[in-house]
Amino acid sequence: MSDITNKSLTQIVDLIKKKEVKSEEVTNAYINNIKKGKKLNSFITESFDNALTKSKNFDANPNYESLLPGVPLAVKDLFCTNGVRTTAGSKMLENFVPNYESTVTTNLWTEGAFLLGKLNCDEYAMGSSNETSFFGNVINPVKENTVPGGSSGGSASALAADLTPATIGTDTGGSIRQPASFTGTVGLKPTYGLCSRWGIVAFASSLDQAGPMTKTVSDCALMLEAMSGFDPKDSTSIDKKKENYSKKLTKNIKGLKIGIPKEYRVDGMPNEIEELWEKGKKLLKEEGAEIIDILLPHTEYALPTYYIVAPAEASSNLARYDGVKYGFRSSKGSNLIEMYENTRSEGFGDEVKRRILIGTYVLSSGYYDAYYIKAQKVRQLIKNDFDNAFAKVDAILTPSTPSAAFEIGEKKNDPISMYLNDIFTVPVNLAGIPAISVPVGHDKNNLPLGLQLIGKPLGEQTLLNLALCMESKSNFKQKIIKWWEKN
Amino acid sequence: MSIDKEKIKHTAKLARISFDEKKIESLSKDLSNIFNFIEKLSNINTDKVSPLTSILDQTLRTREDKITDGGIRDKILENSPSKNEEFFIVPKVIE
């Protein structure tokens, strides 16, 4: 058989179900690729023994009824995995081995998949380039020396390089969609509450949401179906019946109304992205969708709002890392307070410390109303913008990012320019609504570019249908040459 | 808005993180830039807006008051950097 790792998740599932390939063969093929793909630095922890045992067990006693029968999957190292260390890309959790399993990964394993390894990410998911990880930069397989985006950079890199058939990430301000756009893959941030947050290392709890990262839109529907669902252990989990996204997937988008927000046309955006956006509009129009100009007037305030709300929640969430209950403890310090301070100074990296300081400052006495309450008010206005827009349209089309993948080091010392990368993705998290990034074209340097479709709350099916249409019409093809396999 | 070195030191103390002088200097610069960027929010009048408290339409669920978990002391202690059979161990707090 030709190289199975070139295939989509849906194709692999089909082949396993038709008994044309064994789970063990699939697993060995990915392990082989991972061993050859060390240069990408996309894995923090490999779980080969577990994967091989599980694949052999599957082949000995197969259950073809599940959604992901005998499929090996690597996941972002922010999901707690029972007995397998979970680092969140931080020195603080370098040796943390959870004795419980996140709900989302449990759901995947219940559907027949098993763990192949844990993927690199920005430290505590704070970053847009995977340069803040304690375990080093991840390389974008599309081009050496470019970042894969972040924070789910290891996930995007491993997926695009054929080191895992599909994966999952988390998205607090764009951490699934931006890396998907940078690597020519599909990434979906679901409606807040659709996927359980239980067992995911917390960054900003009112924004965090797990979602699928895949090679195709059909794969994305399949993964979302497997991972989503109500969980009593997450107090913000939405109590509703599981959807059959993959079964309901259709290219029929006739009559759907697509909004184009003029506020997303930002200064300095390359022409290529403008052209890509036009191409997207044209594709959807040709398939019978109606294109409508809309307003999202508070868009320019989304990033400043985000950089109050997210650090505020992060500083509260990360207060738990005190060197007592789990994680790293500094050996220095003569009393409890000094032990705390040294543990946190040595255990956290620069970007995480910077955000803890911002968050602590905006929540501190005398500043709370001026910053935090103000931001929550503006957040309400941003949500109202989307509510008003969705009274007129079924989905919104925008670019995923204001640029293609940038070079390693290019933005590292300029936090604001790094933060600006999330300008199109952040509003969605603030409003708690779903959005998907779909690869649609390449820039003049052959770097992939994506378009984002934003949906109504629980409008995932509409987004997937539109994305499927865009995928088939745009005829996007990866242009990855496996440079890392050559010596 | 400028976040001077004294403010950085005070905030660092609240956050229980220690920094050396050089780092305090660079953080003061970084945070001043970031707060200048955030300052944009003061352009919008929000007098008549209530702060968002939840993005979900649903209210928080209640559940039956019964024990569903617990009795896992040993599992909880498993990952502690310093412990004995029953307790987390920390540097001496009371003289």
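# Loops, packing and the A-B contact

Trainee: Where is the place of A:N145 in chain A?
Mentor: A:N145 sits in the loop between β3 and α5 of chain A. Helices (H or I, at least four residues) and strands (E, at least two) are DSSP runs, numbered from the N terminus. This is a predicted model, where local features need pLDDT of at least 70, side-chain atom pairs count only at pLDDT 80 or more, and totals for chains, interfaces and linings use all residues. Residues are numbered from 1 along each chain as its sequence is written, while chains are lettered from A and ligands numbered from 1 in the order in which they are written.

Trainee: What phi does A:N145 have?
Mentor: Positive, about 75 degrees, although A:N145 is not a glycine. Most residues other than glycine have a negative phi, and most peptide bonds are trans. A:N145 is partly exposed, with 13 other C-beta atoms within 10 Å. The cut-offs: buried means 20 or more other C-beta atoms within 10 Å of the residue's own, exposed means 12 or fewer, and partly exposed is in between, with C-beta atoms placed from the backbone.

Trainee: And what about phi of A:N41?
Mentor: Near 55 degrees, again a positive value in a residue other than glycine. A:N41 is in the loop between α2 and β1 of chain A.

Trainee: Which residues does a cis peptide bond join?
Mentor: A:G150 and A:S151, with omega about 5 degrees. A:S151 belongs to the loop between β3 and α5 (153-160) of chain A.

Trainee: On to the open sheet. What is the order of its three strands?
Mentor: β1-β3-β2 in chain A, with mixed pairing. Two strands pair if DSSP finds at least two bridges between them. The edges are β1 (43-46) and β2 (72-76) of chain A, each pairing on one side only.

Trainee: In which sense do β1(A) and β3 of chain A pair?
Mentor: Antiparallel, over three bridges. A:T45 stands opposite A:K118 in β3(A).

Trainee: Which residues of helix α1 of chain A are buried?
Mentor: A:L9, A:T10, A:I12, A:V13 and A:I16, in a helix that spans residues 9-17. Down the axis of α1(A) they fall within an arc of 160 degrees, so they line one face of the helix. That arc is taken over the directions from the helix axis to the C-beta atoms. Their cover includes α2, β6 (210-214) and α7 (217-227) of chain A.

Trainee: How do the axes of α9 and α16 of chain A cross?
Mentor: At roughly 105 degrees, coming within 10 Å. Axes are lines fitted to C-alpha atoms, for helices over the stretch in contact, and angles run from 0 to 180 degrees between N-to-C directions. That makes α9(A) roughly perpendicular to α16(A), a class that covers 65 to 115 degrees, with under 35 roughly parallel, over 145 roughly antiparallel and the rest oblique.

Trainee: What is A:L283 in contact with?
Mentor: Neighbours within four places in sequence aside, A:M470, A:K473 and A:S474. Contact means C-beta atoms, placed from the backbone, within 7 Å. A:L283 counts as buried, with 21 C-beta neighbours inside 10 Å.

Trainee: Last one: how many residues of chain A are in contact with chain B?
Mentor: 51, against 37 residues of chain B. α13(A) gives the most to that side of chain A, with 10 residues.

Methods: Contact = placed C-beta atoms within 7 Å.
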